[in-house]
Amino acid sequence: MLVVLLVTGWTGTLRDWSYEGATQHYFFAVFLYVLMFSLIAKALSIPFDIFGFRLERQYHLSNQRIRSWIWDECKGWMVSLVLGTIMVELVYAIIRIAPERWWIIAWAVFVGLFLLMAQLAPVLLLPIFYKFEPLANEELGDRLTRLGERAGTRVRGVYEWKLSEKTTNANAALTGMGATRRIILSDTLLQNYSGDEIEAILAHELGHHVRKHILKSILLQVGVTLLGFWLINVVLRFVIAKEWFPVLDPRLYDFANLPLIVLVATVLGFLLMPALNAISRQHEREADLYAWENTPAIEPFITSMQKLADQNLAEREPNKFVEWLFHSHPSIGKRVAAAQAWAREREPQPVAP
Ligand SMILES: [Zn+2]
C-alpha cells in the first residue's frame with residue numbers, strides 16, 4: 001500500500017482532496033489525510049483480520065462472538081486513529097517550526113509521549129478492551145504482594161483480568177509505571193492454575209522488574225526512535241533530491257510524504273526485529289532464573305509452563321529460523337529444559353527448608 005501510494009502518485013491525490021476538504025486549513029488537512037490513509041489501510045487488512053479471527057475460533061482459542069469481535073475491531077481502529085493523528089500532527093507541526101532540526105525535536109517529544117503512554121496504558125487503553133476487577137482471593141493477593149515486596153517493587157494492587165469472555169488463553173503481567181504499577185492476572189489463569197503455579201508465573205514477571213527490564217526496554221526504544229527519526233530525515237531528503245516520486249513537494253511539511261515516513265519506519269523495524277527479539281529472549285531467560293531462585297520449588301514453574309503451552313497452543317519446538325526472527329520468548333521446550341537443568345545442578349546441595 002505504501003509503495004503503491006508513492007509510485008502511482010495517489011498520495012498526492014489524497015493530499016489535494018484533504019486540502020479541498022479542509023478549505024486549505026493545514027492541520028485539518030493533515031487530519032483528513034490520516035483519516036483516509038487509515039481507512040484504506042483498514043480496508044486492506046480486513047481479509048487478514050477475518051482470517052485470523054476464524055483461525056482462532058476454529059482451534060477454540062477464541063470464544064468471542066462475531067458482533068463483539070467487530071466492535072473490538074472498531075474500537076481498535078478508533079484508538080489507532082486518535083493516537084496516529086496525534087503523532088502525525090506533532091511531526092508535521094515540528095517540521096513546519098524547525099525544518100532543519102525537526103527530527104531531534106520530534107524524537108524528544110515522542111520519548112515524552114512514550115513515557116506518558118506507559119503510565120496511562122493500564123488505566124486508559126486496556127480498559128477499552130477488557131474488564132478488570134480487584135482480585136477477590138485475598139490470600140493469593142497477599143502472597144503476590146509479599147512476593148512483590150521481596151522483589152523491591154511497590155505494587156499498587158492485584159487485578160483480575162476478564163479474558164474468558166473473549167479467549168481461552170491465559171496471561172499475566174506486571175504493567176504500568178509509578179502509581180499505575182499493577183499485577184494483572186487473567187481469570188483463565190485463576191481458574192486453572194494452583195496458587196504455587198500462579199506464584200511461579202508472577203515471580204517471573206517480578207524478575208523483569210528486579211533486573212530492570214522495563215527501564216532497559218524503554219532506553220532501547222529511545223535509542224531506536226532516535227535512529228528512526230534520523231534515518232527518516234536522511235531518506236526523505238535523499239528521495240526528494242533525486243525526485244524519485246515527483247508528486248512529493250521539496251518542502252518536508254508536504255504530508256503526501258507520510259507513506260515514505262511510514263515505509264522507512266516499517267523497514268527499519270523489520271530489520272531490527274531479530275536483534276530486539278534476541279534481547280527480549282535474554283530478558284526472559286533472566287526473569288525465569290529469578291523465578292526459580294525465588295520460589296520454593298521448581299515443579300510449579302515447569303507444570304505452569306506446560307499448562308500454558310497446552311492452553312495457548314504454543315509451539316513447543318518451533319522452527320529455529322522462525323524463533324530467531326519472530327519470537328520474543330524462548331520456546332516452552334527450551335524454558336522447561338533450562339529449568340530442569342538448573343534444578344539438576346542444585347540437587348547435590350539441597351537447600352535447608
Ligand atoms: Zn517475561
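Trainee: Why are His204 and His208 separated by about one helical turn?

Mentor: A word on the source: this is a predicted model, in which local features need pLDDT of at least 70, side-chain atom pairs count only at pLDDT 80 or more, and totals for chains, interfaces and linings use all residues. Residues are numbered from 1 along each chain as its sequence is written, and side-chain values use heavy atoms, with hydrogens and water left out. Helices (H or I, at least four residues) and strands (E, at least two) are DSSP runs, numbered from the N terminus. His204 and His208 are about one turn apart because they stand four residues apart in helix H8 (residues 195–210).

Trainee: Which residues are the protein donors of the zinc ion?

Mentor: Donors are N, O and S atoms within 2.8 Å of the metal (3.2 Å for Na, K and Ca); water is not among the atoms, so sites may look incomplete. The donor residues follow the spacing H-x3-H-x75-E in sequence. Lying 2.0 to 2.1 Å from the zinc ion, the protein donors are His204 (NE2), His208 (NE2) and Glu284 (OE).

Trainee: Is His204 buried or exposed?

Mentor: Buried means under 20% relative accessible area, exposed over 50%, and partly exposed in between (1.4 Å probe, protein chains only). The relative accessibility of His204 is 6%, so His204 counts as buried.

Trainee: How many residues apart in sequence are the parts that Arg15 and Asp254 tie together?

Mentor: A salt bridge is a side-chain nitrogen of Lys or Arg within 4 Å of a carboxyl oxygen of Asp or Glu. Arg15 forms one with Asp254, their closest N and O atoms being 2.8 Å apart. Because Arg15 lies in helix H2 (residues 10–21) and Asp254 in the loop between H9 and helix H10 (258–293), the pair ties together parts whose separation in sequence is 239 residues.

Trainee: Which helices do Arg143 and Glu199 lie in?

Mentor: The side chains of Arg143 and Glu199 meet in a salt bridge of 2.7 Å, N to O. The pair ties together parts 56 residues apart in sequence, because Arg143 lies in helix H6 (residues 138–150) and Glu199 in helix H8.

Trainee: What is the nearest side chain of opposite charge to Glu89?

Mentor: Glu89 is found in helix H4 (residues 66–97). For charge, Lys and Arg count as positive and Asp and Glu as negative, while His and the chain ends are not counted. Glu89 is buried yet has no salt bridge; at 8.7 Å, the nearest side chain of opposite charge is Arg96.
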